[in-house]
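Hi,

Here is the structure I promised to pass on.

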Amino acid sequence: MHVDKYEQVWIRISIFVLVVFTLAVLTATVSAGIQVPGVEGRVDPNLITTPGASPWAAPSVRELAPGKYEAYVLAQIWRFDPGEIRIPAGSEITFYVTSKDVQHGLKIMDTNINMMILPGQVSKLKTTFNNPGTYDVVCHEYCGIGHHTMYGQIIVEATADTTTTE
Ligand code: CUA
């Protein structure tokens with residue numbers, strides 16, 4: 001089969017670009033630990049606040065092991081529940097977030113946490129807070145007249161280990 005010289009050059013460039021992109025994705029996921037938020041699970045938004053029917057009926061932060069936490073956060077017009085989360089510096093925390101009404105967003109400033117929150121869907125992301133401080137949590141999807149008032153805070157408290165290293 002005859003393939004024109006310029007056609008061959010472009011085919012090679014296309015293959016090269018695909019290889020570069022594949023390596024970039026592998027580097028980001030394996031080496032840099034970048035995660036893309038996906039659908040973790042589904043939940044019935046009508047039963048979300050029914051006691052016992054879902055963990056979001058009593059949104060909370062749980063310590064699974066020393067330095068390991070999980071947070072079940074419920075987004076609703078126009079607040080996050082819990083609105084304030086306190087953990088010690090160096091903690092790894094996994095967020096499971098859903099909405100009980102409309103579409104929301106959840107972005108934690110200065111972290112890799114940035115999720116869309118949809119009713120019926122569970123969004124999950126994990127991060128580690130090494131530096132003590134107050135991290136603002138904002139809703140970044142327009143969710144109605146009080147959208148701009150929808151925020152929360154994550155307070156990362158200094159520990160004996162972290163105060164000496166800062
Ligand atoms: Cu919730 Cu904007």
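Let's start with burial: 33% of the 166 residues in the protein are buried, where buried means under 20% relative accessible area, exposed means over 50%, and partly exposed is in between (1.4 Å probe, protein chains only). Before you go further, note that this is a predicted model, in which local features need pLDDT of at least 70 and side-chain atom pairs count only at pLDDT 80 or more, while totals for chains, interfaces and linings use all residues. Residues are numbered from 1 along each chain as its sequence is written, and side-chain values use heavy atoms, with hydrogens and water left out.

**Overall layout**

The protein has 2 helices and 11 strands; these are DSSP runs numbered from the N terminus (helices are H or I with at least four residues, strands are E with at least two). Reading from the N terminus, the order is α-β-β-β-β-β-β-β-β-β-β-β-α. The radius of gyration is 21 Å, well over the 15 Å that the globule rule gives for 166 residues, so the protein is more spread out than a compact globule. That radius is taken over C-alpha atoms, and the rule is 2.2 Å times the number of residues to the power 0.38. Along its principal axes, the C-alpha trace spans about 70 × 45 × 30 Å.

There are two domains to find: domain 1 (1-34) and domain 2 (38-157), with bounds that come from an automatic or database domain assignment. Their C-alpha centres lie 38 Å apart.

One more overall number: among contacts with a separation of 6 or more, 58% are between residues 24 or more positions apart. A contact means heavy atoms within 4.5 Å.

**The cores**

Which residues have the most contacts inside the largest nonpolar core? They are Phe95, Leu106, Ile108, Phe129 and Ile154, in a core of 25 residues. A nonpolar core is a set of buried Ala, Val, Leu, Ile, Met, Phe, Trp, Tyr and Cys residues joined through side-chain atoms within 4.5 Å. At least two residues of this core come from each of the strands S3 (68-76), S5 (84-88), S6 (91-99), S7 (104-108), S8 (114-117), S9 (121-129), S10 (133-138) and S11 (151-157). S3 gives the largest share, 4 residues. As background, nonpolar side chains tend to be buried together in soluble globular proteins.

**Rings**

The structure holds 3 aromatic pairs. Rings of Phe, Tyr and Trp (its six-membered ring) pair if their centres lie within 6.5 Å; planes under 30 degrees apart count as stacked, over 60 as edge-to-face and the rest as tilted. Tyr72 and Tyr96 are stacked, at 4.9 Å centre to centre with 10 degrees between the planes. This pair links distant parts of the chain, with Tyr72 in strand S3 and Tyr96 in strand S6, 24 residues apart. Tyr72 counts as buried at 12% relative accessibility, and Tyr96 is buried at 15%. Phe129 and Tyr135 have ring centres 4.9 Å apart and planes at 70 degrees, so that pair is edge-to-face. Phe129 is buried, with a relative accessible area of 1%, and Tyr135 counts as buried at 11%.

Where are the cis peptide bonds I noticed? One joins Ile77 and Trp78, with omega about -10 degrees, and Trp78 lies in the loop between S3 and strand S4 (79-81). Another joins Asp81 and Pro82, with omega about 0 degrees; Pro82 is in the loop between S4 and S5.

Asp110 is worth a look too: its phi is near 65 degrees, a positive value in a residue other than glycine. Is Asp110 buried or exposed? Asp110 is exposed, with a relative accessible area of 74%, and is found in the loop between S7 and S8.

Happy browsing!
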